[in-house]
Amino acid sequence: MHHERVELSRKAANGYIIPLGMVNLVTVVTNSGMVGCGVLDVKALDAFGYPAAKARRASDGFIATIDDLLNGIIKEVNDAARKRGVNIGMSGKEALELM
C-alpha cells in the first residue's frame, strides 16, 4: 500500500493506492468524506451517512495514481456527498474540497 498526503485549499487529506492484482484501488480521504476510483461502492457508504464519490480518469484508461483521481471526473455521488454540494462532472479535487 502507498500513502501520500494531499494538500487541499483548506485542509490536508490522505491518499492511498492499494494494489489489487491487475488494478489499483485509489482513494483520497478527508476528515468528512472520500473520492475513489471505479471499484469504490459509494452507495454502500451512503448507508452509513458517509459522503463518497466515484471518479473516472479524465482521459482514456483507468485511475492508477492520486493525480489521476484528483484530475478525474466525478461519475457517481451518494446522497451524503450530494448534500455537501458534490455533483457529477466536477473534478475529484473539487469534490474533495467540499468534503
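Q: Why does E76 count as partly exposed in this predicted model?
A: E76 has 23% relative accessibility. Buried means under 20%, exposed over 50%, and partly exposed is in between. So E76 counts as partly exposed.

Q: What makes K54 and E76 a salt bridge?
A: The closest N and O atoms of K54 and E76 are 3.3 Å apart. The cut-off is within 4 Å, so the pair qualifies. K54 lies in strand 5 and E76 in strand 6 (residues 73-77), 22 residues apart.

Q: Why does K54 count as buried?
A: K54 has 12% relative accessibility. Buried means under 20%, so K54 counts as buried.

Q: How do you know that R57 and D68 meet in a salt bridge?
A: Their side chains come to 3.8 Å, N to O. The limit is 4 Å, so this pair counts. R57 lies in the loop between strand 5 and helix 2 (66-71), and D68 in helix 2, so the pair ties together parts that are 11 residues apart in sequence.

Q: Why is the contact between R5 and E7 called a salt bridge?
A: The side chains of R5 and E7 meet at 2.7 Å, N to O. That is within 4 Å, so the term applies. R5 and E7 are exposed.

Q: How many salt bridges are there by this rule?
A: The count comes to four.

Conventions. Residues are numbered from 1 along each chain as its sequence is written. This is a predicted model: local features need pLDDT of at least 70, side-chain atom pairs count only at pLDDT 80 or more; totals for chains, interfaces and linings use all residues. Side-chain values use heavy atoms; hydrogens and water are left out. Buried means under 20% relative accessible area, exposed over 50%, partly exposed in between (1.4 Å probe, protein chains only). Helices (H or I, at least four residues) and strands (E, at least two) are DSSP runs, numbered from the N terminus.
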